[in-house]
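Open the model in your viewer and get ready to click along. Each stop on this tour tells you what to select and what you will find there.

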Amino acid sequence: MCGRIVQITPADELARHYGIEGPLPNAPAQYNAPPSARLMVVRRDPRDGRRDLSPLRWGLVPHGAGDPKIGNRLTLARAESVATTPSFREAFARRRCLVPVDAFFEWKAETTPRQPYAVARRDRGPFGLAALWENWRDPASGNWMRTFAVLTHAARAPMAAIHHRMPVIVPADRQPLWLGEEAADVAALGALLAPAETDALELWKVHPRMNAARVDDAGILERWDEGTDAISARPADLFAG
């Protein structure tokens, strides 16, 4: 699935990585971003076709929703049904985006307390999660809110060892298709959303202190040995530079 997100690559580096031009937002590092957090999202601007990097709130609020609190229940969208689910189908057709992440956290539910794991690329490079975004206007204030939901599909190794779902990771060569920069029919999008090999990923146990969303520091990425309560500095070091 995808319980918390790590987004620590600076905005200027993300801009280079995703080919984004123009002004960039001030994006503080987030090591343990929960649903409702504002995270950097890559979108295609339909007006000029350029890519945009903007902060959006995690938890999709459908355009016609009467209460924005519905976003608390729409943080994830199942890839198998996203094209037909009323809350997501319009965004799936017209407003697909990417959430660039350095890692994400997931829990193995069979443990007490729940054991968290960090999941990242073996080379510790950023990668893009398939997502949908939406506009919602507050009828009282007239203010606009932009929100997103992350897509998930059936887990493959190594994620399958801890959870039956995982976020959809969009390979670099398929990102133009997902963002709408290339023509995409239902079949092409369906193939992109099918569970893919995840050999590039690595996961490791982290200390349960990250279970509290208020804990937001680089130390939560360290490997943790529950038997000795020992911490290794290796993973966090690999994110530096």
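Start by selecting Pro195: leaving aside neighbours within four places in sequence, Pro195 is in contact with His153, Ala154 and Arg156, where contact means heavy atoms within 4.5 Å. Pro195 sits in the loop between helix 4 (186-193) and strand 13 (201-205). Helices (H or I, at least four residues) and strands (E, at least two) are DSSP runs, numbered from the N terminus. Now try a distance: Pro195 and Phe148 are 47 residues apart in sequence and 21 Å apart in space, C-alpha to C-alpha.

A quick word about what is on your screen. This is a predicted model, in which local features need pLDDT of at least 70 and side-chain atom pairs count only at pLDDT 80 or more, while totals for chains, interfaces and linings use all residues. Residues are numbered from 1 along each chain as its sequence is written, and side-chain values use heavy atoms, with hydrogens and water left out.

**Next stop: charged pairs**

Side chains of opposite charge can pair when their charged atoms come close. How many salt bridges does a search of the whole structure find? The search finds eleven, a salt bridge being a side-chain nitrogen of Lys or Arg within 4 Å of a carboxyl oxygen of Asp or Glu.

Select Glu80 and Arg165, which form a salt bridge with their closest N and O atoms 2.8 Å apart. Glu80 lies in the loop between strand 5 (76-78) and helix 2 (89-94), and Arg165 in strand 11 (residues 165-167), so the pair ties together parts that are 85 residues apart in sequence. Arg165 counts as buried, at 6% relative accessibility.

Move on to Glu202 and Arg223, another salt bridge, with the closest N and O atoms 2.3 Å apart. Glu202 is in strand 13 and Arg223 in strand 14 (residues 223-225), so this pair ties together parts that are 21 residues apart in sequence. Glu202 is buried, with a relative accessible area of 13%, whereas Arg223 is partly exposed at 24%.

Then select Glu90, Arg94, Arg95 and Glu134 together: these residues are linked in a network of salt bridges.

**Next stop: the largest pocket**

The largest pocket has a volume of about 360 Å³. Of the 20 residues that line it, the closest to its centre are Arg121, Phe127, Ile169, Val170 and Pro171. On a 1 Å grid over the protein atoms alone, a pocket is an open set of points where a 1.4 Å probe fits, with protein on both sides within 12 Å along at least five of seven lines, and lining residues have an atom within 4 Å of a point. Grid points are joined across faces, edges and corners, and the volume is the space filled by probe spheres set on the points.

Colour helix 1 (11-18), strand 9 (127-137), strand 11 and strand 12 (169-170): each supplies at least two residues of the lining.

Stay with Arg121 for a moment. Arg121 forms a salt bridge with Asp123, the closest N and O atoms being 2.9 Å apart. Arg121 is partly exposed at 26% relative accessibility, while Asp123 is exposed, with a relative accessible area of 51%.

**Next stop: strand 4**

Six of the eight residues of strand 4 (residues 51-58) are buried, so strand 4 is largely enclosed by the rest of the structure. Strand 3 (residues 38-44) and strand 4 pair in the antiparallel sense over seven bridges; two strands pair if DSSP finds at least two bridges between them. Pick out Arg43, whose bridge partner in strand 4 is Asp52. Strand 4 also runs parallel to strand 10 (residues 144-154), joined by two bridges. Select Arg57 to see it opposite Thr147 in strand 10.

Most residues other than glycine have a negative phi, and most peptide bonds are trans. Which peptide bond is cis, with omega near 0°? Select the bond from Ala157 to Pro158; Pro158 is in the loop between strand 10 and strand 11. Finish at Arg124, which has a positive phi of about 65° although it is not a glycine. Arg124 is in the loop between strand 8 (115-121) and strand 9, and counts as buried at 6% relative accessibility.

Note on methods. Buried means under 20% relative accessible area, exposed over 50%, partly exposed in between (1.4 Å probe, protein chains only).
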